[in-house]
Amino acid sequence: MDKENVIKLVTDIVGPENIKTDEPMKNHTSFKVGGNADIMVLPENDIQIAKIVEVCEREGIPFFIMGNGTNIIVRDKGIRGVVIKTCGRLERYVVNDCVIEAESGILLSKLAEIALEHGLTGLEFASGIPGSLGGAVVMNAGAYDGAMKDVVIRTEYISRDGLTRILKGDEHRFGYRTSFIQEEGGIVLRSWIKLQKGNKEDIKALMDDLNERRKSKQPLEMPSAGSVFKRPPGCFTGRLIENCGLKGYRIGGAEVSTKHCGFIVNAGGATANDVISLIRYIQDRIKSEYGIELQTEVKIVGED
Ligand SMILES: Cc1cc2nc3c(=O)[nH]c(=O)nc-3n(C[C@H](O)[C@H](O)[C@H](O)COP(=O)(O)OP(=O)(O)OC[C@H]3O[C@@H](n4cnc5c(N)ncnc54)[C@H](O)[C@@H]3O)c2cc1C
């Protein structure tokens, strides 16, 4: 990859103000770990995203799409090629009766506030999830008995063949922390969220209650990527980890949270390698003690 040439190609699409080079990914992830991205691009609209994807495909440049970086661990050698970041730019939305149409970079917390402002109920569960709409659709993010599968009715995305396509209803193939786009690849451009008319005071009270519960149970004051592992059927991952005596267990700066054992936190100066080593250690211990293979919910990306 001729880096200077790639910079020129993407600069022609988004302008120099929307490009960062050798950008530390620790500044763009909630875990605050990870090496540099060769080139980070902050597109301002769908057309720019489509053009960047087209150029990358044509020139054989690897690319990675991210939202708010709250469910990824970027390895210490960073990410080669182009990182396309949606958060901070692609945040436009329209409210039409009970449906909110929004671009993929908008934060879920902002969407929940918009729903509240319009007296729409159904998105309260998402108000404390720190990701973007695009990341949440891909992950089928959820909490407190709610999930994106309950509210997303339509998504516009760029498919792997570079075409802009639409998914409707069941075509999203939402499952536990997965979706059609996660399985098949593609870039979420925008989604339509269908809610119900509700009472603003009730909506606000529920959001406050859920956020209080989150604050009391989760180590929100420390860098993390939320729950590291998927929940195995019939078990609470945090409890399994705690029962293995791993509460507070550390490798380098990575620590099993003492507040919630399902979280790994960056207790100060952690590297991605510390975090990944701790993940592998936990997986080995749980496998040998319970015979359960813990799968990660977080996505580990970048160069080994
Ligand atoms: C403190 C804390 C609490 C959390 N609580 C919860 C919770 O209660 N429930 C829950 O489900 N999650 C939770 N999470 C995890 C995380 O917030 C969600 O998974 C969220 O949906 C990720 O969104 P993001 O924009 O940060 O995605 P990123 O981390 O940027 O990306 C995650 C994945 O989505 C892909 N992606 C992102 N945007 C797009 C796009 N536009 N098109 C295609 N692919 C895309 C990325 O390539 C990557 O594979 C928590 C995280 C933290 C730090």
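The ligand is surrounded by 35 residues, where near means that a heavy atom of the residue lies within 4 Å of the molecule. The closest are Ile65, Thr70, Asn71, Ser132 and Gly142. Before going on: this is a predicted model, in which local features need pLDDT of at least 70, side-chain atom pairs count only at pLDDT 80 or more, and totals for chains, interfaces and linings use all residues. Residues are numbered from 1 along each chain as its sequence is written, and side-chain values use heavy atoms, with hydrogens and water left out.

Now the polar contacts, meaning pairs of N or O atoms within 3.5 Å. The side chain of threonine 70 has an N or O atom 2.6 Å from an oxygen atom of the ligand. The side chain of serine 132 likewise puts an N or O atom 2.6 Å from a ligand oxygen. At glycine 135 the backbone is involved: one of its N or O atoms lies 3.5 Å from a nitrogen atom of the ligand. On its own the ligand has 980 Å² of accessible area, and the protein covers 93% of that (Shrake-Rupley method, 1.4 Å probe).

Which elements supply the shell? Strand 3 (63–66), helix 4 (133–139), strand 9 (142–143), strand 13 (187–194) and strand 15 (224–227) each give at least two residues. Helix 4 gives the most, with 5 residues. Helices and strands here are DSSP runs, H or I over at least four residues and E over at least two, numbered from the N terminus. By type, the shell has 15 nonpolar, 16 polar and 4 charged residues; Asp, Glu, Lys and Arg count as charged, Ala, Val, Leu, Ile, Met, Phe, Trp, Tyr, Cys and Pro as nonpolar, and the others, Gly among them, as polar.

Two strands pair if DSSP finds at least two bridges between them. Strand 1 and strand 2 (residues 36–41) run antiparallel and are joined by 5 bridges. Threonine 21 is opposite isoleucine 39 of strand 2.

Strand 17 (residues 254–256) and strand 18 (residues 263–266) pair antiparallel over 3 bridges. Valine 256 has isoleucine 264 of strand 18 as its bridge partner.

Methods. Polar contact = N/O pair within 3.5 Å; in protein donor to acceptor, adjacent residues only side chain to side chain.
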